[in-house]
Amino acid sequence: MFLQDDWKPNDKLSGQAGFRTDYVNQFGFFALPRLALMYKFNRDFYVRAGGGYGYMLPTPFSTESEERGINTIPALSSGVKPEQSIGSNFDFNYRSRVGDEGVITINQSFFITQINDPMELETFGFQTEKKPVVTQGFETNVRYKMDDLQFVVGYTFVDARREYYPAQSFVPLTPRDRVVADVIYEKEGKYSIALEEFYTSSMYRDFNETNTQPYFITGLILQKYFKHFSLILNCENIFDVRQTRFENIIIGSTENPTFKELYAPLDGRVFNIAVRVKL
């Protein structure tokens with residue numbers, strides 16, 4: 001069953017409330033309320049807030065089980081529970097003119113999510129942990145546009161921890177810092193050029209290994225517009241960043257190898273050409 005109500009008491013405030021309930025024959029009912037609000041101070045500044053509940057049924061298919069080999073993992077026991085989550089977010093958006101032709105847009109958001117009864121793959125199969133996984137952080141996005149030129153910068157900070165594992169509470173292979181930067185120049189109806197830069201900070205690994213290597217990925221997109229079609233050249237990972245340049249990912253002999261966890265690209269540079277046709 002799903003119910004939803006939207007309301008707008010005035011021009012500044014609007015809201016949406018929802019309630020959903022699911023029934024699963026093995027686990028019973030799940031009640032999932034949610035609420036979202038938005039308040040507009042003026043046409044260039046507004047804030048939003050929201051929150052709600054969620055759940056996920058137990059399944060043996062996960063990244064960890066694929067790495068270990070699904071055929072070697074015992075079937076889920078009756079003691080494994082569904083994961084249930086509660087999360088909330090808050091963000092504000094601001095837009096302002098800069099000079100005669102420039103426009104800057106800022107979005108700042110904050111978020112937190114708690115997963116209760118998290119399912120963890122242990123030595124003898126999956127089990128439900130007693131303490132939650134908590135993820136919190138914020139995201140900042142700034143866009144500046146002046147005539148045909150745009151600058152876009154985004155930064156994401158994430159602190160994700162497994163409270164049931166105090167010795168190594170961090171969630172492995174989850175970067176704390178991510179940065180995305182784009183410079184875009186577009187001559188309307190003629191061509192566009194976009195230079196992209198991605199930064200990923202170092203990440204924790206499980207089992208007391210060393211942290212991963214931080215890395216940058218650079219991309220370039222060129223588009224040329226014609227009357228009825230356009231040509232697109234996409235260049236990814238121009239400087240050939242690969243995890244195999246940082247470390248040897250194969251451990252042991254070639255007859256019986258094991259592999260390190262993958263966190264960076266393996267395929268190096270990628271170039272492709274596309275044609276877009278207007279009918």
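**Ala274**

I looked up the exposure of Ala274 and found this residue partly exposed, at a relative accessible area of 31%. I use buried for under 20% relative accessible area, exposed for over 50% and partly exposed for values in between, with a 1.4 Å probe and protein chains only. The model is predicted, so I note that local features need pLDDT of at least 70 and side-chain atom pairs pLDDT 80 or more, while totals for chains, interfaces and linings use all residues. Residues are numbered from 1 along each chain as its sequence is written, and side-chain values use heavy atoms, with hydrogens and water left out.

I placed Ala274 in strand E17, residues 270-277. Helices (H or I, at least four residues) and strands (E, at least two) are DSSP runs numbered from the N terminus. Leaving aside neighbours within four places in sequence, I found Ala274 in contact with Ser230, Leu231 and Ile232, contact meaning heavy atoms within 4.5 Å. I also noted that the C-alpha atoms of Ala274 and Gln223 are separated by 9.4 Å, the two residues being 51 residues apart along the chain.

**Positive phi**

Most residues other than glycine have a negative phi. I recorded Asp147, not a glycine, with a positive phi of about 55°. Asp147 lies in the loop between E9 and E10 and is partly exposed, at 44% relative accessible area. I recorded a positive phi of about 55° for Leu173 as well, which is not a glycine. Leu173 lies in the loop between E10 and strand E11 (177-187) and counts as partly exposed at 25% relative accessibility.

**Aromatic pairs**

I counted 14 aromatic pairs. Rings of Phe, Tyr and Trp (its six-membered ring) pair if their centres lie within 6.5 Å; planes under 30 degrees apart count as stacked, over 60 as edge-to-face and the rest as tilted. For Tyr185 and Tyr191 I read ring centres 6.3 Å apart and planes at 35°, so the pair is tilted. Tyr185 is partly exposed at 31% relative accessibility, and Tyr191 is partly exposed at 32%.

I then read Tyr199 and Phe216: their ring centres are 4.9 Å apart and their planes at 45°, so this pair is tilted. Tyr199 belongs to strand E12 (residues 191-200) and Phe216 to strand E13 (residues 215-225), so the pair ties together parts 17 residues apart in sequence. I found that ring pairs link Tyr39, Phe41, Phe45, Phe92 and Tyr94 into a cluster.

I noted Lys224 over the face of Phe226, at 5.8 Å from the ring centre. The rule requires NZ of Lys or CZ of Arg within 6 Å of the ring centre and within 35 degrees of the ring normal.

**Pockets**

A pocket, on a 1 Å grid over the protein atoms alone, is an open set of points where a 1.4 Å probe fits, with protein on both sides within 12 Å along at least five of seven lines; lining residues have an atom within 4 Å of a point. I read about 1,400 Å³ for the largest pocket, a volume being the space filled by probe spheres set on the points. I listed 36 lining residues, with Glu64, Glu67, Pro172, Asp206 and Glu261 nearest the centre. Helix H1 (63-68) and strands E7 (119-122), E9 (133-146) and E10 (149-162) each give two or more residues to this lining.

The second largest pocket has a volume of about 260 Å³. I listed 15 lining residues there, with Val158, Phe170, Thr174, Arg176 and Tyr204 nearest the centre. E10 gives the most to this lining, with five residues.
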